[in-house]
Amino acid sequence: MVWQRMPATWYEGPFLGNGFLGSGIYAEPGAATTAVRFNVQHSEVQDHRPEFGSLFGLARLPIGYFTLEPVGAITGVDWRLSLHDAELTGTLTTQKGTLSLRALVHNDRSVLAVEVTPSEGERGFRWVFHPADAISPRAAFKPLPDGYQGNPPAQVADHDGVSAAVQPLLSGGQHVTAWRERSAGRTRTLYVHVAPSYPRTTALGRALATIRATSWLPYSALALTHRAWWHAYYRKSFLSLPDARMQRFYWIQLYKAASAARRDAPVMATSGPWLEPTPWPNTWWNLNAQLEYWLIHGSNHLELDALTRALSEFRDNLAAEVAQPYRTDSFGIPRTTDPQLVNGAAGTLTGYGVGIPGQDPPTPEVGDLTWALHNVWLSYRHTMDRSILRDVLFPLLRRAVNYYLHFLEPGPDGRLHLPATFSPEYGEDSRDCNYDLMLLTWGCRTLVESAELLGVDDPLVPRWREVLAKRVPYPTDANGFMIGADVPFAKSHRHYSHLLAVYPLYEVTGRTPDERALIEKSLAHWVGFEGALQGYTFTGAASMSALLGKGDDALRYLGELMTRFIKPNTMYQESGPVIETPLSAAQSLHDMVCQSWGGVIRVFPALPAAWADLVVHGFRTQGAFLLSARRQAGTTRWVRLVSEAGAPCVVRHGIPGPIDVRDAHGRALRYTNAGDGAIEVELHRGDSAVVTARGEHPDLTVTPVPPNADAPRWGLPAT
């Protein structure tokens with residue numbers, strides 16, 4: 001990304017991060033010609049007062065920012081954010097000279113390092129730290145709960161050459177921002193670290209120690225180890241498209257994901273580690289968290305999977321989030337939680353609880369945990385890691401489904417029905433709500449299959465089978481899927497909560513003409529209501545179109561997203577910053593390139609006509625296969641699959657006419673026709689297969705495809 005104009009907001013500027021420490025860089029508001037802001041935020045910095053709920057008392061807290069203040073008035077910028085190096089470089093031009101800078105958030109040390117080399121006239125530039133008020137960002141949007149107040153001001157002091165801003169918390173604990181500037185000739189380097197601690201006040205010692213251990217290293221030494229991690233990260237997978245703007249967008253999302261997420265970091269809050277003014281200062285579980293992590297599977301980046309780790313680590317808190325009578329055998333997750341999956345006091349101002357089917361208030365939004373566990377299932381399916389299935393998915397899903405089973409009742413039609421629940425974010429409760437019926441169906445099916453795979457003789461298997469056999473059909477009308485039995489889909493609605501069986505659950509996939517027609521009219525009816533549609537409406541529509549094999553429609557929906565919603569730096573905004581939508585657009589691209597639901601790997605299932613050339617490498621599929629493939633002049637030339645787990649391999653390769661299937665040494669492999677353009681090949685762990693047109697021996701070198709046309713850079717290039 002390039003900047004040849006000064007970014008004015010977070011939605012325009014460069015961003016750096018490592019899943020914990022985040023910095024957004026843009027002009028100081030109200031002082032664009034005199035200072036550049038380097039925000040300093042941290043995903044673990046939060047309040048600890050559960051009596052005020054997850055949105056106030058447990059909210060993420062703003063930390064503060066540095067301003068880079070040159071001697072002369074700023075007249076121009078020329079910056080480049082290298083995705084490959086995860087580093088910002090460039091110059092700031094002023095009336096007195098220039099400031100050459102390099103900046104990164106170090107991958108391992110969690111230190112913001114900014115090296116500045118001034119010209120003679122700018123040697124007097126300075127850095128200034130501005131502590132933020134440690135109050136929930138929601139306070140700028142909503143009334144304060146009774147009794148709630150912000151935390152005391154930060155205390156800034158020098159500690160033997162290291163400056164530190166100590167932020168005490170009313171609940172106990174603290175978070176500390178420590179920094180030091182080092183000089184070498186004309187070059188000066190700022191080193192910044194943030195440390196939180198609760199309930200103890202140990203953060204100061206840790207922050208000072210980190211700065212003292214890091215600031216003796218020159219920037220170039222830090223950059224070497226930092227770049228090594230990022231270079232290895234990008235080599236885990238490769239995707240090259242002929243659409244230059246979409247290609248750049250995709251790789252920026254991979255950069256953004258690793259800047260915002262790590263397995264041991266908190267599950268991404270709505271804005272990732274870059275906390276900006278927002279009414280949503282915590283983790284959201286009725287869509288945001290799920291969409292944030294979808295792209296990690298196909299792109300082969302399970303090292304970013306905080307969601308599976310957090311649900312496992314903090315599972316005991318999930319029992320406390322359902323009503324007291326159900327805690328012995330049930331789990332739930334509220335719409336909003338802190339990183340430890342705690343909501344605290346529930347209320348419309350403070351945080352939304354799970355609720356009880358058939359009762360309102362509180363809003364009975366009960367399916368969010370089951371949906372989150374679908375992400376865990378995806379992590380299992382893409383790795384075939386049995387420990388995820390055995391130790392996380394099965395025990396948690398069992399208790400999530402148990403919560404539904406408490407309320408499922410037979411009706412006079414002999415079918416099993418749910419009392420009224422809430423479909424995010426339609427605004428009305430309904431009996432037999434499709435959001436919940438669809439999740440319950442997926443959950444019961446997955447539990448039955450998991451019990452069989454694990455060899456578990458679970459006494460609830462007959463009950464799960466009964467639900468699958470007797471569950472009421474999904475409510476539909478002339479327009480397709482309804483919200484529920486009592487509520488038609490009749491107004492503009494950004495969320496596809498009523499369509500989860502289509503995507504991402506793939507329970508309804510268009511296997512028959514009638515089922516395909518149902519999907520098509522439901523999709524058209526949903527996106528046909530303008531007014532409340534948002535960015536992720538179009539990513540969901542793109543993925544559903546990809547399911548139907550409609551690549552041109554999928555690309556059109558992504559084009560609507562880019563034109564209407566995506567900001568210059570690929571961030572996204574509603575009432576506040578929300579990070580999930582651009583990340584889910586990367587998954588929509590995945591769905592166009594490869595789908596592996598239902599035990600079949602589908603290669604290039606929904607490419608638009610304009611994408612005649614495309615290459616993918618190291619793409620992770622369900623069954624733990626790594627896919628590489630090339631499309632050239634509108635024809636798939638070769639497909640290669642490497643098996644990591646020895647799972648059944650069924651691939652719809654898309655190569656026309658007779659084929660050859662060979663192993664890594666060029667020897668012929670046996671295969672059987674699996675129908676519908678697919679073949680089945682027996683591959684053991686570590687084996688590979690290459691599929692080509694018969695008699696062809698194409699070059700398997702992975703190289704980028706040429707763009708169809710040039711496109712402007714993301715960022716703020718010169719107009």
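1. Let's start with helix α14, which is mostly covered: 13 of its 13 residues are buried (buried means under 20% relative accessible area, exposed over 50% and partly exposed in between, with a 1.4 Å probe and protein chains only). Helices and strands here are DSSP runs numbered from the N terminus, a helix (H or I) having at least four residues and a strand (E) at least two. The helix covers residues 535-547 and reaches 19 Å from its first C-alpha to its last, close to the 18 Å expected at 1.5 Å a residue; the expected span is 1.5 Å times one less than the number of residues. After α14 comes G549, with a positive phi near 80°.

2. A word on what you are looking at. This is a predicted model, in which local features need pLDDT of at least 70 and side-chain atom pairs count only at pLDDT 80 or more, while totals for chains, interfaces and linings use all residues. Residues are numbered from 1 along each chain as its sequence is written, and side-chain values use heavy atoms, with hydrogens and water left out.

3. Next, find the open sheet of five strands, ordered β24-β25-β29-β32-β31 with mixed pairing. β24 (594-595) and β31 (671-675) stand at the edges with a single partner strand each, so one side of each has no neighbour in the sheet. Two strands pair if DSSP finds at least two bridges between them.

4. Which residues have the most contacts inside the largest nonpolar core? They are L311, W464 and Y496, in a core of 207 residues. Helix α10 (residues 386-405) gives this core its largest share, 12 residues. A second, separate core has 18 residues, including A113 and L217. Such a core is a set of buried Ala, Val, Leu, Ile, Met, Phe, Trp, Tyr and Cys residues joined through side-chain atoms within 4.5 Å.

5. Is F489 buried or exposed? F489 is buried, with a relative accessible area of 3%, and lies in the loop between β23 (480-481) and α13 (513-527). F489 and W526 are 37 residues apart in sequence and 7.6 Å apart in space, C-alpha to C-alpha. Setting aside neighbours within four places in sequence, F489 has contacts that include Y426, H498 and F529 (contact means heavy atoms within 4.5 Å).

6. Finally, look for the spaces. The largest pocket has a volume of about 780 Å³. Its lining has 36 residues, with W377, R381, W597, G598 and Q622 nearest the centre. Two cavities of 30 Å³ or more turn up in the whole structure, and the largest cavity has a volume of about 70 Å³. On a 1 Å grid over the protein atoms alone, a cavity is a set of points where a 1.4 Å probe fits but cannot get out, and a pocket is an open set with protein on both sides within 12 Å along at least five of seven lines; lining residues have an atom within 4 Å of a point. Grid points are joined across faces, edges and corners, and a volume is the space filled by probe spheres set on the points.
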